Amino acid sequence: RRQNASDYAYLNTPTTETDTRAADAKWPDQSVYDEGLTFSTTGFVYDAIASVGIGACLTKQVFDRCGGSAECERDALDGDTLLAVMKTEVFEGVSGPVRYDQSTGSRLAESATYLVKNLVPNAAGDGLDLIEVGYESKLITGEPGWTLTRDFTFFDGTSTPPSDGIVDTCGYGLYLSNKVCVPCTAGTYQPVEANRGGDESCRVCNETSWSEAGQRYCTLCPEHSHIWLDKLAHDGPEDCICDDGYYATEWPVSAKHGCRSCPHDTTCHGGMTGPYPDAGHWLSPGAVDTWVKSYHCRYNWICKGGSAPATCQEEWMDAMASDEKNISQQRRRCVNAKGDYIALENTGGWCKQGWDVETAMCSGEVDGFFYIDVQAIKCPGSHTRDAEAWVFSMFCFLLLLLLFILINDVVRPNFPVFDAVLLTYQDIGIITLFWFEWSQKISKMFFVFRVALLDVDVYEPTCATDWGFNWAFRLMLSLPLLFAAANAFGYVTGLREGGKAFAGALSFFINAQASLLFYCLAVFSCRHVHPMDTYYYVEELDTSCETESTLVMRIFAAAYLALIGGVTSALFMRLKRAADRDELNTERVLLRYGFMYKTFRMGALWWGVVRIVKQASLVFILTIAWRSPEDQAVWACVVLVTYAVFASWIRPDNEPAVNRIEVAGNGVTILFVILGLCFTSHRNNGKGNDTKEDRYVIYFAVSQILFLAGACFATGKNILAVRARKRVAARILALRHRIVNAQRSGELSSRRSSRGLIVEGRRASLRKSWGSLGAFTTSDSSFSRRVRLAAARKQRSLGDTERGDLQRHGSFILETDGHCEVLDTFKGPALESYARDTRALIGLVRLDEVVGSAIADYSATGNFSRRHEARFFHKLAHALPGLLDYALQAGPAQRRALADAVAQVEAFDRHRRIAGASPIANEIIEPIDLPSLMHYLLFCSQRDANVLRAVVDGMVQANPRLLAEAEAVRARVRLAERLQRCYRKKQAVRAFAAGAAA
């Protein structure tokens with residue numbers, strides 16, 4: 001029969017390795033016993049050869065009948081004639097009866113069993129196994145046809161049985177080509193089991209799948225990926241690239257993870273490109289070999305974000321760079337989801353100039369820049385790490401320290417209005433550290449608020465040295481100690497008094513407490529940054545929390561927190577003891593601790609504690625609720641509104657303008673919080689741009705202008721008043737010089753009363769500092785020199801009237817040094833307009849002699865006295881200031897009557913307060929009708945008053961608490977009346993005895 005050799009080519013083309021194994025393998029015996037029959041391969045081959053020979057003989061007969069025809073002879077000798085003759089053969093062979101199938105030419109089933117032998121590697125891999133498969137006649141089982149004795153297993157692992165020489169169908173993954181089954185090419189598949197089609201029957205894999213050659217199905221690309229269109233073969237997972245909006249962390253794209261979804265606030269162009277951050281956000285610029293996360297930057301304008309991909313999958317780039325010449329070029333480009341090559345941007349463009357993209361949230365410093373809060377400024381002359389850079393950095397630090405000294409020792413003690421402004425700016429300085437998405441324009445003003453906070457990190461000397469949170473932490477915590485050392489040095493050298501040096505060191509510690517508390521809490525607040533897999537300080541994201549110094553810093557921070565709590569508690573306890581002993585008005589306490597309470601009114605001396613608690617609350621909100629700026633805003637507004645309500649109610653300062661500025665400052669701070677929320681909301685909605693946000697900056701600028709204008713106006717009035725007082729004091733000193741000169745020239749006698757010497761000594765020992773604004777002393781050489789020059793210019797002969805006034809009252813002028821308590825009592829403009837002549841100046845000095853001790857700080861009825869009498873007259877004077885007008889106009893009898901009435905009211909109120917009882921009117925009478933009822937009670941008849949008294953007494957008796965309080969007050973009143981009667985009787989007895997003796 002005619003056989004096509006190509007049909008069995010795959011059986012006869014073993015690899016070199018197989019050939020070697022086949023040569024070395026031991027073939028088994030040719031005889032195989034199967035189903036009780038013995039088949040001989042040799043006999044089967046013998047019968048086949050015999051069949052060919054018989055067919056050739058029969059063909060010879062056909063040839064002989066051609067009669068010499070060349071064409072007939074050629075046809076008789078071809079294979080088709082031989083096959084046709086062999087199909088007719090019937091004979092008994094050594095392997096059994098030989099019969100052929102007329103259609104296929106195969107030996108019929110009843111005549112023989114085909115044996116197929118093949119070698120395959122054994123399981124151990126060190127030899128070959130013989131695999132025998134046969135076509136067995138079904139006549140053994142009584143059925144016609146053929147059957148396999150076992151499945152085929154060939155060397156290549158396939159099990160497709162050999163054909164009978166005529167191939168008309170192909171299996172999965174194959175197509176028919178010239179009667180040969182050919183595998184479908186890579187990128188195609190063939191799912192039909194019996195395929196009769198050609199290469200067109202191989203279907204192309206879609207854009208999301210791939211296949212190797214000869215596959216039944218295509219393999220899907222991992223999730224959210226597709227085939228790179230530039231790769232027509234689709235022959236492997238290497239051709240899969242990510243869809244738009246996704247990115248790959250490995251190549252080939254992992255079937256487990258697939259392409260990862262683009263993180264929030266980033267943009268992904270798919271392919272092999274990495275994500276890049278949106279404006280105001282940051283992500284790691286490193287190789288995309290793991291999942292990435294975008295982070296919101298504290299100051300969003302520093303994080304510029306990207307406009308195109310800047311990173312690419314590293315493994316893919318390495319594979320694409322086939323030779324060294326293309327490596328640098330390939331690493332500057334990548335493929336996107338469309339399959340197009342695109343140029344990669346520089347990741348350095350993700351951050352604003354002067355900020356390092358390699359550090360979290362672009363928070364790291366860059367060489368060649370120094371930093372003032374959040375503003376990066378180039379080092380002058382491009383000097384870095386050299387002597388000039390050190391000189392410049394030291395100069396900046398000294399300037400910053402001088403600002404701190406100016407704020408702490410000059411502005412806050414002497415200008416109460418600006419003290420309230422600085423307090424507001426400290427609050428705003430804390431708010432600037434909240435995680436709002438501030439714009440660049442408004443951020444440029446933040447350094448002012450950081451200076452008000454006394455925060456040393458407002459300047460970073462990176463031109464001269466490396467700088468980080470660790471250095472700022474050390475310097476900030478040591479700054480109060482440096483101030484204390486400087487004040488101690490001033491005391492030792494005689495430059496500062498001991499009390500002022502103590503107050504200067506302690507006041508800086510209290511005024512800088514917000515910054516100190518912030519730095520101590522910041523070392524305990526860390527956040528994890530991926531994919532760096534490192535913890536960083538929340539407040540300083542360029543510094544890792546996972547360093548050896550972190551533990552040391554936390555130990556110091558805990559100790560410093562204890563120091564802050566201990567010093568503050570000790571200060572409050574010292575002031576409480578002084579208040580209980582009525583020592584707040586003593587010179588020692590005022591000089592050392594007066595900065596905490598000397599500007600507050602009586603009854604509100606504790607307001608400094610409220611200020612400290614407010615700022616501590618804002619710092620805690622900053623360091624604890626940093627994950628949610630909305631929560632920070634809500635809690636900050638709660639604190640600020642609560643403080644504003646209490647400030648409006650208490651009105652703690654003696655100066656009404658200061659109270660108004662403090663309340664207005666709280667309003668400005670609340671507005672600043674709201675603006676922070678507006679900035680954040682605007683950017684979260686995707687609408688953030690500086691052009692549209694300019695109106696928020698304008699709101700803040702207008703509020704600051706109005707706030708500062710009000711503060712400057714109030715401070716200007718205070719400064720004018722202080723200057724007016726100084727001018728009056730200068731006139732008194734000039735008059736004193738004139739008297740001395742007149743005495744020397746003989747125009748006046750030089751007598752000096754002993755009483756004047758006593759008064760002068762008393763004033764020298766008991767004198768308060770001359771006002772909280774513009775205090776001065778006559779020891780100031782420049783001031784004294786100006787006074788003497790003014791006196792010399794105005795020196796003239798004394799007139800008769802003036803000589804007489806000075807002769808009678810000049811001793812009072814001589815006994816003063818220009819410091820008169822009454823100069824602080826009267827407002828500056830009124831005082832200056834009055835003190836224009838000699839007689840007016842003498843009147844002021846005489847008034848100071850008689851009333852000075854009553855209005856001094858140490859007075860029993862002064863602002864800092866804790867006596868009930870002082871409290872009572874403080875409330876009376878502020879509630880009814882017109883009473884002073886009446887007392888000035890009243891005669892002696894009227895003043896005595898008023899004094900008796902007020903004394904009785906004061907005595908009753910003192911008894912009520914000692915008993916711990918509240919006014920009955922506050923408990924049972926509505927405030928709106930209290931004035932009317934008070935007027936009625938004072939002017940009604942006794943009968944009508946008794947009716948009102950009966951009703952009120954009934955209400956008191958119906959309430960056990962009010963009744964107990966009323967009885968306690970009455971008991972003390974009755975005891976006081978008995979003591980007074982006993983005293984009067986005793987005085988009467990003494991008077992009678994004295995009269996009888998006379």
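1. Helix H28 gives eight residues to the lining of the second largest pocket, the most of any element. Helices here are DSSP runs (H or I) of at least four residues and strands (E) of at least two, numbered from the N terminus. The model is predicted, so local features need pLDDT of at least 70 and side-chain atom pairs count only at pLDDT 80 or more, whereas totals for chains, interfaces and linings use all residues. Residues are numbered from 1 along each chain as its sequence is written, and side-chain values use heavy atoms, with hydrogens and water left out.

2. The second largest pocket holds about 1,700 Å³ of space and is lined by 39 residues, of which Phe908, Pro919, Ile920, Ala921 and Met934 lie nearest its centre. Elements that give two or more residues to this lining include H26 (868–879), H28 (892–915) and H32 (960–997). On a 1 Å grid over the protein atoms alone, with a 1.4 Å probe, a pocket is an open set of points with protein on both sides within 12 Å along at least five of seven lines, and lining residues have an atom within 4 Å of a point. The volume is the space filled by probe spheres set on the points, which are joined across faces, edges and corners.

3. The structure holds 34 aromatic pairs (rings of Phe, Tyr and Trp, the last by its six-membered ring, with centres within 6.5 Å; planes under 30 degrees apart are stacked, over 60 edge-to-face, the rest tilted). Tyr425 and Phe449 form an edge-to-face pair, 5.0 Å centre to centre with 80 degrees between the planes. This pair links helix H8 (416–432), which holds Tyr425, to helix H10 (446–452), which holds Phe449, across 24 residues. Both Tyr425 and Phe449 are buried (under 20% relative accessible area, with exposed over 50% and partly exposed in between; 1.4 Å probe, protein chains only).

4. Phe469 and Tyr519 form a stacked pair, 5.9 Å centre to centre with 10 degrees between the planes. Phe469 lies in helix H11 and Tyr519 in helix H13 (513–522), so the pair ties together parts 50 residues apart in sequence. Phe469 is buried at a relative accessible area of 1%, and Tyr519 is buried at 1% relative accessibility.

5. Thr462 lies in the loop between strand S28 (459–460) and helix H11 (469–492). Because its relative accessibility is 5%, Thr462 counts as buried. The side chain of Thr462 reaches the backbone oxygen of Phe369 at 2.4 Å.

Methods
Polar contact = N/O pair within 3.5 Å; in protein donor to acceptor, adjacent residues only side chain to side chain.
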